[in-house]
Amino acid sequence: MHTLAFANQKGGCGKTTSAVNLAGALAARGARTLLVDLDPQAHATMALSCAAEHGSSLADILLYNAEIERVIRSAPGGIDLLPATDALTEFEEVSARRMHSDSCLAAALRRVERAYDFVILDCPPRVDGILCANALAACDTVILVVESGAFALQGALKAQRMIEASGADRDQAFDIRVLATMFDRRLRIAQDLLIGTQARFGDRMFDAVIHTSVRLREAAAYGVPVHELDAKTRAARDFENLADEVQAHAARREQELSSPAEPSPIHSS
Amino acid sequence: MNALALLCTLHADGPSTLHALRTAGCQSLLDLQECSSNELAQYLELSVASAERLQREAELLGMRLSPLEPEASVEPRSKLSLPPKETTPAELTPAEPPADLPEETPDEVEALVEEEPEPPRVIKPLPPALAGSRANRSWFSATRIPQAAAQARGEFGRTAITEEPQLERAANPPAPVLEFEELSEEAPIESTACRGLEAARIAVETLATESVAPSEVSEVQVPAVEAPSPAVTYVTEPEPELARIAPEFPELAEAILRLGEAAGARAGLPALTRLPEVTVEAVEVEAVAIEPVEVETAEPESTGTATPLALGQPDGIDSELLEALRAAGISTAEALVEASGLELSRVLSIPFTRLLELQLAAQHLFRRSNTLVPQKPRSRRALDRASDPSGSITKKRRHTDSYSAQPTATGRDAESLAQEARESELTDAFDAPPSGNVGGPFA
């Protein structure tokens with residue numbers, strides 16, 4: 001099981017859209033995919049047509065140690081979903097009084113690690129919160145989502161520092177990759193920012209870039225991944241390319257882990 | 001993402017183009033530039049112009065990325081790339097002196113510092129509002145934090161920040177500036193009247209202490225006053241004291257001025273213009289009875305040239321009408337325009353409407369013969385008002401949100417119309433998904 005966390009300190013940069021549609025792209029090619037919504041705003045849950053107000057949610061797992069198998073739901077596009085509610089804010093409040101509150105999600109996911117190929121975590125827009133700490137404790141790859149706008153690069157660098165510090169504290173091995181989103185090739189500012197992001201992150205950046213697309217907004221409004229709405233659209237192709245790279249990255253990582261002679265990086269350099 | 005992937009994202013079809021290029025063995029921007037345009041166009045199924053454009057963009061991107069490229073070993077540098085610039089602050093060092101100049105020993109530097117004393121500085125206190133807004137050294141902690149500790153606390157992100165080199169002396173010492181406040185209050189104001197007043201003051205003091213006879217006042221030795229700094233130029237205004245006494249005591253003012261001239265001549269100072277020139281004339285004013293006088297006011301003449309009436313100017317004037325107009329005292333187009341139409345039509349025995357036409361034609365003639373004045377553009381509303389004075393055509397109906405309580409002509413009352421509006425608002429909000437996707441966020 002490969003666990004990817006979509007994170008950034010900045011909100012509105014496309015974390016939820018990227019997580020939902022990457023999960024859709026992976027599920028469309030047959031990979032068993034679980035999407036975990038860690039945002040109390042529950043936008044990923046809503047983007048997959050699941051309103052969790054009347055059922056159990058991730059908050060029940062984190063707060064009351066509910067069984068994860070009973071909480072997971074089937075969502076459009078062949079994705080399994082661990083939905084969120086605003087009760088997650090309650091977990092943020094009580095976590096300070098609990099021991100090991102940052103490893104609750106990792107412990108829960110360990111129960112289903114053989115059932116899924118990919119687990120995708122949609123983090124809230126706050127890297128130093130307890131929910132994001134749970135995601136970092138559970139993931140092996142952090143995908144920093146960088147939009148093509150002002151302050152995005154600064155927010156990504158700040159998030160990168162915090163994530164690296166978090167990994168160093170736990171002596172945890174995870175990789176950091178960067179995904180550029182909301183890219184509009186027609187805008188000179190977007191081109192310049194992409195060049196700057198590439199110059200800063202280099203090979204740690206995905207080759208795939210998510211372009212600005214109305215289809216992505218429509219898919220979220222209809223409550224389905226973009227592959228379900230229109231598999232031939234450019235947005236779907238962007239996520240196809242991203243899924244290719246994610247699968248290649250997962251295979252490479254699996255190969256690294258399987259060979260004991262090559263130790264995995266403690267944290268990215 | 002390497003530079004080739006970035007190029008494909010920016011100027012091509014992204015990863016699909018990248019995959020095609022990599023399959024063809026093109027792994028870097030340099031490889032792409034060295035490809036033949038025709039082969040590249042054929043391989044990517046582009047036109048030759050598009051392939052050339054992609055190569056040109058690759059060259060430009062290589063030049064742009066060359067100083068930024070983080071991993072030079074991964075990507076071979078373009079042939080046209082510029083050498084990397086040393087822009088990091090760590091590499092910024094103080095400029096070294098030229099080799100041909102002898103190095104200055106510390107003693108020499110101290111001697112230089114001693115030879116150039118700092119110019120006197122006048123520190124003027126700021127007003128309270130401004131003083132409070134200035135940065136105060138006491139606000140900041142005096143203890144120095146080591147750079148390593150600051151980095152550990154995350155206050156410095158880069159190791160490149162070095163301490164700023166301390167200059168031993170100012171590179172450009174400020175030039176001495178004489179400000180107005182720096183001048184002594186005893187500095188004389190350079191004017192004849194001031195010299196006279198000063199001489200008079202000394203004379204009065206001398207008289208009081210040595211009881212000199214008034215006739216000897218002119219013989220009092222006035223000490224020479226130093227000339228002010230030539231760098232400072234004064235625009236002398238009339239001294240208020242002399243200006244105040246001058247109208248009432250012109251002889252005294254004149255005496256002061258003469259005294260000032262004499263004092264300046266004795267002190268060897270240059271002669272100055274008398275300021276102020278005091279001329280006082282006593283005028284006795286008698287009471288004048290004002291009687292109302294009737295003055296015939298003539299009409300102001302036209303600024304433009306008069307346009308005489310002639311046959312056919314304006315249109316419709318024949319010889320008979322021209323004679324009648326001249327008999328009525330109207331010989332120019334301006335007079336015809338300004339004449340009362342109704343009375344003139346009676347005098348000339350022509351219809352009033354024809355006279356109006358004549359006046360209009362005369363007005364055109366008058367305007368043509370004079371300088372054209374650009375007219376102010378009229379607004380749309382003004383044009384509408386001119387074409388439709390009653391407003392029956394262009395008057396817009398006011399939009400109201402409330403429905404009439406009275407039944408309309410179709411027999412539908414306000415309640416039914418309001419209900420229909422509410423229903424349309426509800427149904428226009430969201431369209432159902434095209435397929436069987438139920439349970440969306442808006443369900």
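Here is a walk through a predicted model, from its confidence to its cores, its surface and its charged pairs.

The predictor gives the complex an ipTM of 0.74 and a pTM of 0.47. For chain B, the mean pLDDT is 64, and 40% of the residues reach 70 or more. Within that chain, confidence is highest in helix 1 (residues 3-11), with a mean of 87, and lowest in helix 7 (residues 128-133), with a mean of 43. Residues 126-136 of chain B stay under 50 in pLDDT, and the model has 4 contacts for them beyond four places in sequence. Residues 157-162 of chain B are also below 50, and this stretch has 10 contacts in the model beyond near neighbours in sequence. Where pLDDT is low, the predicted coordinates should not be read in detail.

With that in mind, what is chain B built from? Chain B has 17 helices and 0 strands. Of its 443 residues, 21% count as buried. Its accessible surface comes to about 34,500 Å², and carbon and sulfur atoms account for 55% of that area. Among contacts in chain B between residues at least 6 apart in sequence, 54% join residues at least 24 apart.

B:F352 belongs to helix 15 (residues 352-369) of chain B. With a relative accessible area of 36%, B:F352 is partly exposed.

Now let us turn to the inside. The largest nonpolar core has 79 residues, and those with the most contacts inside it are A:V36, A:L58, A:L105, A:L109, A:L121, A:I163 and B:L32. Apart from this core lies another one, of 37 residues, which includes A:L35, A:I79, A:I143 and A:L179. Setting aside residues up to four places away in sequence, A:I163 touches A:A7, A:V127, A:L136, A:V142, A:L144, A:F174 and A:I176.

A:S18 sits in helix 1 (residues 15-28) of chain A, and its relative accessible area of 2% makes it buried. Not counting residues up to four places away in sequence, A:S18 touches A:F6, A:V145, A:L179, A:T181 and A:F239. A:G155 is placed in helix 8 (residues 152-170) of chain A. A:G155 is buried too, because its relative accessible area is 13%, and buried means under 20%. Leaving aside neighbours within four places in sequence, A:G155 is in contact with A:N8 and A:Q9. A:V145, one of the residues that A:S18 touches, is 10 residues from A:G155 in sequence and 9.7 Å away in space, C-alpha to C-alpha.

Finally, consider the charged pairs. Side chains of opposite charge can pair when their charged atoms come close. How many salt bridges are found over all chains? A search of the whole structure finds 14.

The side chains of A:R29 and A:D244 meet in one of them, at 2.6 Å from N to O. This pair links distant parts of the chain, 215 residues apart: A:R29 is in the loop between helix 1 and strand 2 (33-37) of chain A, and A:D244 is in helix 12 (residues 234-258) of chain A. Both ends are partly exposed, A:R29 at 29% relative accessibility and A:D244 at 41%.

A second salt bridge joins the side chains of A:E69 and A:R111, at 3.4 Å from N to O. A:E69 lies in helix 4 (residues 68-71) and A:R111 in the loop between helix 6 (104-110) and strand 5 (118-122) of chain A, so the pair ties together parts that are 42 residues apart in sequence. A:E69 is partly exposed, with a relative accessible area of 41%.

A:R204 lies in the loop between helix 9 (188-201) and strand 8 (205-211) of chain A, while A:E164 is in helix 8 of chain A, so parts 40 residues apart in sequence are tied together. Here A:R204 is buried at 18% relative accessible area, whereas A:E164 is partly exposed at 21%. Salt bridges that share partners also join A:R29, A:E240 and A:D244 into one network.

Notes: Residues numbered from 1 in each chain as written. Chains lettered and ligands numbered in written order. Predicted model: local features only at pLDDT ≥ 70, side-chain atom pairs only at ≥ 80, totals over all residues. Heavy atoms only, no water. Core = buried A, V, L, I, M, F, W, Y, C linked by side-chain atoms within 4.5 Å. Buried < 20%, exposed > 50% of the residue type's maximum accessible area, 1.4 Å probe, protein only. Contact = heavy atoms within 4.5 Å. Helix = DSSP H or I, 4+ residues; strand = E, 2+ residues; numbered from the N terminus. Salt bridge = Lys/Arg side-chain N within 4 Å of Asp/Glu carboxyl O. Areas by Shrake-Rupley, 256 points an atom, 1.4 Å probe, with all protein chains shown as cover. pLDDT = per-residue confidence, 0-100.
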